[in-house]
Amino acid sequence: MKIIHCADLHLGSKMESRLDASKAKIRRDEILYNFDRLAEYARTNGVNVIIIAGDFLDTDTATYNTREHILDVINGYSDIIFVYLCGNHDKDSLLRKAQLPQNLRNFGAEWKSFECPEDVVITGKEGKLDNSDYQGLKLNPDKFNIVVLHGQEFVGQKADGELINLKALQNKYIDYLALGHIHSYKQEKLDNRGVYAYSGCLEGRGFDECGPKGFVLLDIHDKKLHSTFVPFMKREYIEIKVDITGLYSFYDISQKCNASVANIGANNIVRLILTGEYTLDTDKNTSMLQHQLENKFFYADVKDETSLYISPETYKNEVSLVGEFLRQVEDSNLSDQEKQDIMTAGLKIIKEARE
């Protein structure tokens with residue numbers, strides 16, 4: 001039996017924080033229609049069940065068209081069972097319809113289980129978990145048990161809010177704990193019997209969600225599990241750090257930056273982070289760097305995290321505005337940190353005035 005575990009699709013995201021209106025619409029459409037692609041992948045690869053472990057929608061006020069499209073897709077793949085657990089973002093907004101697809105299963109405020117072929121049972125509960133909820137989870141040890149929850153993992157004595165107490169779920173006959181809420185893939189041992197996993201989100205939506213995104217494919221046979229993370233994103237968010245220490249001309253800096261992104265596909269979304277030290281003579285020209293990158297990728301920007309290198313000794317005997325400024329600060333009664341801060345601020349102003 002094959003099952004897809006996904007979560008945090010956040011369908012209906014506005015995607016307007018960095019992108020212009022046209023690209024934001026492209027990304028909204030890509031994120032929405034990735035669900036179509038997921039359903040088609042499931043059918044093509046003989047998947048029986050798709051588990052959505054929360055935050056299917058980005059908000060509980062998703063548009064009518066978004067909700068209708070999702071339900072149309074579920075109806076269109078009637079040979080696949082969709083098991084949906086509401087998260088902290090979507091709540092029950094998808095279910096506010098009198099006639100729901102017959103192949104859509106959903107959980108509630110109490111533990112609820114669904115029987116599947118090959119002695120597989122999928123159990124889940126929405127909302128906050130307290131000690132009585134953990135104690136109330138009763139599973140058949142002779143079944144292959146999948147438990148679906150949405151929240152932040154922790155190990156301790158007490159759970160609150162969106163937290164999931166892994167310790168309280170140990171020795172409960174769980175074979176696979178399908179979690180949502182964390183947007184990066186992670187799978188680790190739960191206890192001697194089972195594992196827990198975050199599938200991560202299906203599609204990154206910002207530079208806080210860099211790296212491959214996708215779902216977990218579970219292949220269960222004779223109550224034995226084989227799981228594989230499947231990258232599935234339309235575009236990947238990628239951050240690249242480039243140390244420009246020792247580079248002074250824009251040509252050299254741009255050459256190093258271009259080399260650092262040479263193997264990245266044009267469909268991706270890229271941030272170049274400049275690091276290291278620069279001097280007053282360094283020509284970074286970050287706006288030109290960004291313009292170059294914008295022509296290579298769907299979206300790109302440049303973030304400057306360099307620090308200004310200051311050596312008062314270099315200007316000790318120089319008859320210039322910079323030399324006089326540094327000597328005055330160096331001879332003051334300020335602390336070393338205060339001198340450093342003032343020199344940095346002053347030299348930045350002088351550099352900007354020169355440009």
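Me: Which residues of helix α7 are called buried, and what does the word require?

Reply: In helix α7, which spans residues 321–330, the buried residues are V322, G323, L326 and V329. They lie on the same side of α7, because the arc they cover around the axis is only 135°; the arc is that of the directions from the helix axis to the C-beta atoms. L321 and Q328, on the other side of α7, are exposed. Buried means under 20% relative accessible area, exposed means over 50%, and partly exposed is in between (1.4 Å probe, protein chains only). Helices (H or I, at least four residues) and strands (E, at least two) are DSSP runs, numbered from the N terminus.

This is a predicted model, in which local features need pLDDT of at least 70 and side-chain atom pairs count only at pLDDT 80 or more, while totals for chains, interfaces and linings use all residues. Residues are numbered from 1 along each chain as its sequence is written, and side-chain values use heavy atoms, with hydrogens and water left out.

Me: How do you know that the buried residues of α5 line one face of the helix?

Reply: Helix α5 (residues 250–260) has F250, I253, S254 and C257 as its buried residues. Viewed down the axis of α5, these fall within an arc of 95°, so they line one face of the helix. Y251 and A259 are exposed on the other side of α5. The cover over the buried residues of α5 includes β15, β16 and α6 (286–294).

Me: What makes E30 and R27 a salt bridge?

Reply: A salt bridge is a side-chain nitrogen of Lys or Arg within 4 Å of a carboxyl oxygen of Asp or Glu. The closest N and O atoms of E30 and R27 are 2.7 Å apart, so the pair meets that definition. Both residues belong to helix α1 (residues 21–44), where being three residues apart separates them by about one helical turn. E30 and R27 are both buried. The two also belong to a network of salt bridges that links R27, E30, E203 and R235. In the whole structure, a search finds 18 salt bridges.

Me: Why is it said that the pair of R43 and D79 ties together parts 36 residues apart in sequence?

Reply: The side chains of R43 and D79 meet in a salt bridge, at 3.0 Å from N to O. R43 lies in helix α1, whereas D79 lies in the loop between α2 (64–76) and β3 (81–85), so the pair ties together parts that are 36 residues apart in sequence. R43 has a relative accessible area of 36% and is therefore partly exposed. D79, at 48%, is partly exposed as well.

Me: Why are α1 and α2 called roughly parallel?

Reply: Their axes come within 10 Å and cross at roughly 5°. The two helices are therefore roughly parallel to each other, since angles under 35 degrees count as roughly parallel, over 145 as roughly antiparallel, 65 to 115 as roughly perpendicular and the rest as oblique. The axes are lines fitted to C-alpha atoms, for helices over the stretch in contact, and angles run from 0 to 180 degrees between N-to-C directions.

Me: Which residues of α1 meet those of α2?

Reply: L32, Y33, F35, D36, A39 and R43 in α1 meet T66, H69, I70, V73, I74 and G76 in α2. Seven of the residues in this contact are nonpolar, three polar and two charged. Contact means heavy atoms within 4.5 Å. Ala, Val, Leu, Ile, Met, Phe, Trp, Tyr, Cys and Pro count as nonpolar, Asp, Glu, Lys and Arg as charged, and the others, Gly among them, as polar.

Me: What is the phi of D55?

Reply: Phi of D55 is near 55°, a positive value in a residue other than glycine. Most residues other than glycine have a negative phi. D55 lies in the loop between β2 (49–53) and α2, and its relative accessible area of 1% makes D55 buried.
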